[in-house]
Amino acid sequence: MRDPAPTTIYLKDYSPFGYFVDSVDLTFDLAPNATRVKSRIEFRPNPEASEQRFFLHGENLDLIRAAIDGEPVSPEMVDGGLICDVPPTPFVWEAEVEIDPANNTALEGLYMSNSMYCTQCEAEGFRKITYYPDRPDVMSTFTVRINGPQPVLLSNGNPTEQGDGYAIWHDPWPKPAYLFALVAGDLVNHPDRFTTRSGKEVDLNIWVRPGDEGKCGFGMDALKKSMSWDEEVYGREYDLDIFNIVAVDDFNMGAMENKGLNIFNSSCVLASPETSTDANFERIEAIIAHEYFHNWTGNRITCRDWFQLCLKEGLTVFRDAEFTADMRSAPVKRISDVIDLRARQFPEDNGPLAHPVRPDSFQEINNFYTATVYEKGAELIGMLKRLVGSEGYSKALDLYFERHDGQACTIEDWLKVFEQATGRDLSQFKRWYEQAGTPRLNVYEAWSHGTYTLTFRQMTPPSANTPDPKPQVLPIAVGLLGPNGDEVQETTLLEMTETTQSFRFEGLSARPVPSILREFSAPVILERDSDNAERAFLLAHDTDPFNRWEAGNALAKETRLAMITTGAAPDADYLDALQKLVRDDTQDPAFRALVLQPPSQSDLAQTLHDRSVIPDPQAIHEAAETFAQTLAQTLSDSLPRLYADTTIEGQYQPDAVGSGKRALNFRILSLLSRLDGGDQARRQYEDADNMTQQNAALTCLLTIDRGIAQTQAFFEQWQEDRLVMDKWFALQIACAAPAKAAAKAEKLTRHPLFDMKNPNRFRAVMGALAMNHAGFHHSSGAGYQLLADHLIALDPLNPQTTARMCTPFQSWRRYDADRQALISEQLDRIAATPDLSRDTTEMITRIRNA
Ligand code: B3K
Ligand code: ZN
């Protein structure tokens, strides 16, 4: 059965449900094609609600029987659910439905992954399990009985009874249905314990397929660190006797924060030095923390409706970033987050998919789990914290938890606690939640008789969502450096509220060099006339690590842009500055690695577009290659020594220091490979005893179009490991020369291990193709066609992953007319596909409207 007809849902139309739910009892009789779900739900009329229609959501359900207060009833089936006449007093609704988890390839509701039963209910998947008011403002306690032969039967809350072929779970904390979860399978656990600071004992488990139990230790440590951190920093304790994590191979996203039973994409929890890279370890630590932190920011306090998604997601991303900054290096985390924001959120905010952090309409909510809601949402929390200070932030958060525990809330509730805790008026700040688009911030300077004046002008480009943007509150962190490089003004926070505003610094003995937007204090595009000499000065002297990196990043970009637009040679001063920095052992290796990381080709394309130049992906690629080759030659004398100095002897440890050093080592190796034809990379591949180095060596070889033997050896070594094989698929495509990328991807889609139904594998291939900027945008159009073919093929099976993978097309208006015509043809073809899902229809419609 296909989706109900698409309709647009508006924030302004919110109204509460007509009934409260006092308790939910569910019984599952598991069978792959015919699982029976019996529900017994206590309803009570909500006297405040304007509408008393009794509508329950339900999709793809076979209703066997229904009863009210024990009397059989025949509800009327309507689009997306059922309606029924009910008494005006409290009543008990009972129903029995049959569902088909084995054929649920959408991976939403109850489905099967490698013969294990599991669920995914956020946002609106519970309605595929039984009839229910599937909306986050309806909260209830749940009791769940699972009948099945599987040795492990799990649900939310605490276990209350277990016997041969069944288990009963009770969750005492009222929750919306999207946090419901069930798992049944032949699983083994990695157990541990945690004592909360008030002395409560909690059983911890990570459940995995037999054979994976050796890959749980790192995740378990991350969980315990997260539990302690949330107690120390936010005063939040865990609230059940048990906390379970389950690893699942087929999962549409990273992980899910179901109450007491987090379900994880196995790629986001399983880790071992042999199979995971440093980046994997860091990501796993962050996602475990993120899902755990949701227990308070998401579960105990949830969202009133899905427009408020950023209430839990922006805040929880902000919290997990703070956690990572505390566990690892704060500057490195901040720089990495900004790179990611610019790579994923800026294109979204400046293209056809732009929407406010709190959208005001949607057709398919799953399409709004976006970089804007998550990452820009987290930036908003960061700005709030800057504006009210750490103390104000703590007071506001304490009030938030105290006032709203057990409630389903809105952004208005959130901002009100800040206003009341700090006495600030946040009405203008609220525009950040309501306006789409990335503000441009222009800077002008004046210097006269010891007074330095900075004048800022903000402008947000109008968009379909926000045709008439108003000025926003911008916290601009600024410091000033004297001509000798000393800081003459330490970081001060300027608060900009007008379209144009000036700030004066007096009593200076010489014209300073400004360091603007330190720590990237607001998610804007800073536009300022500067030159490479000044950038090199900041790269050498700025006390703010973020802005030091930013100066290097600007140099990296400007050099390449000049090469592309004027045919200039790589800038000699920049090469010189890089040389000095790379050799400077007093600098953190992780920082040096970040400065050596080339700007993404997509970012360069966006910048050219912003400057009204049509980007040519092939020319961007060639400039990147020429630059890397020139840098390698410039550094040639020092590369072997640098490589040796950054090679770690001894046992692999996935910590921040080791991973920083390995990141630098990888940058050095990639330069060295351009000079030695890959000899050192081959040796590293042979000697590697961890995936970080194995993966780095293979990447270097593939980038210079070598590594056939290593690719084959990698396959033979890892073909039984799905997660490592995802890397094997992705690397070959991501590193392929532009003219070969689409053909390589196409060939790999015919490989026996390519499995469309597994989202990780689909993303490994199609995501890697999109990441290869010049390959995806090759003038043949083969990349566009291949992606479209696979979106069309996947849509009937898995609309959510299909819709998400439409995003590589979002920036299509940047490119030349020929490429636009090629993409447009594919977008039309997708749009014309019969029975296209609601998810993909909405995405393609929005993208085509660019
Ligand atoms: N809340 C989930 C995401 C659900 C996505 C639904 N399409 C994971 C997270 O943000 O923690
Ligand atoms: Zn989240």
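1. A polar contact is a pair of N or O atoms within 3.5 Å. The model is predicted. In it, an oxygen atom of ligand 1 sits 2.7 Å from a side-chain N or O atom of E291.

2. Which residues come nearest to ligand 1? They are E122, E257, E291, N366 and Y374, out of 14 residues around the ligand. E122 has a polar side-chain atom 2.5 Å from a nitrogen atom of ligand 1. E313 has a side-chain N or O atom 2.9 Å from an oxygen atom of ligand 1.

3. Now helix 12, residues 601–610. Its buried residues are D603, L604, A605, Q606, T607 and L608. What covers them? Helix 9 (545–566), helix 13 (617–634) and helix 22 (773–776) are among the elements that do. Just after helix 12 comes S612, with a positive phi of about 65°.

4. Next, a helix pair. Helix 17 spans residues 691–703 and helix 18 spans residues 708–718. They pack at an angle of about 150°. Their axes are 10 Å apart. Helix 17 passes helix 18 in a left-handed crossing.

5. Which residues meet where helix 17 and helix 18 touch? Helix 17 brings M691, Q694, L698, L701 and L702. Helix 18 brings Q710, T711, F714, Q717 and W718. By class, this contact holds 6 nonpolar residues, 4 polar ones and no charged ones.

6. An α-helix has 3.6 residues a turn, so residues three or four places apart point the same way.

Key:
Residues numbered from 1 in each chain as written. Chains lettered and ligands numbered in written order. Predicted model: local features only at pLDDT ≥ 70, side-chain atom pairs only at ≥ 80, totals over all residues. Heavy atoms only, no water. Axes fitted to C-alpha atoms, helices over the stretch in contact; angles between N-to-C directions. Helix = DSSP H or I, 4+ residues; strand = E, 2+ residues; numbered from the N terminus. Left-handed = near helix turned anticlockwise from the far one by under 90°. Contact = heavy atoms within 4.5 Å. Nonpolar A, V, L, I, M, F, W, Y, C, P; charged D, E, K, R; others polar. Buried < 20%, exposed > 50% of the residue type's maximum accessible area, 1.4 Å probe, protein only. Near = heavy atom within 4 Å. Polar contact = N/O pair within 3.5 Å; in protein donor to acceptor, adjacent residues only side chain to side chain.
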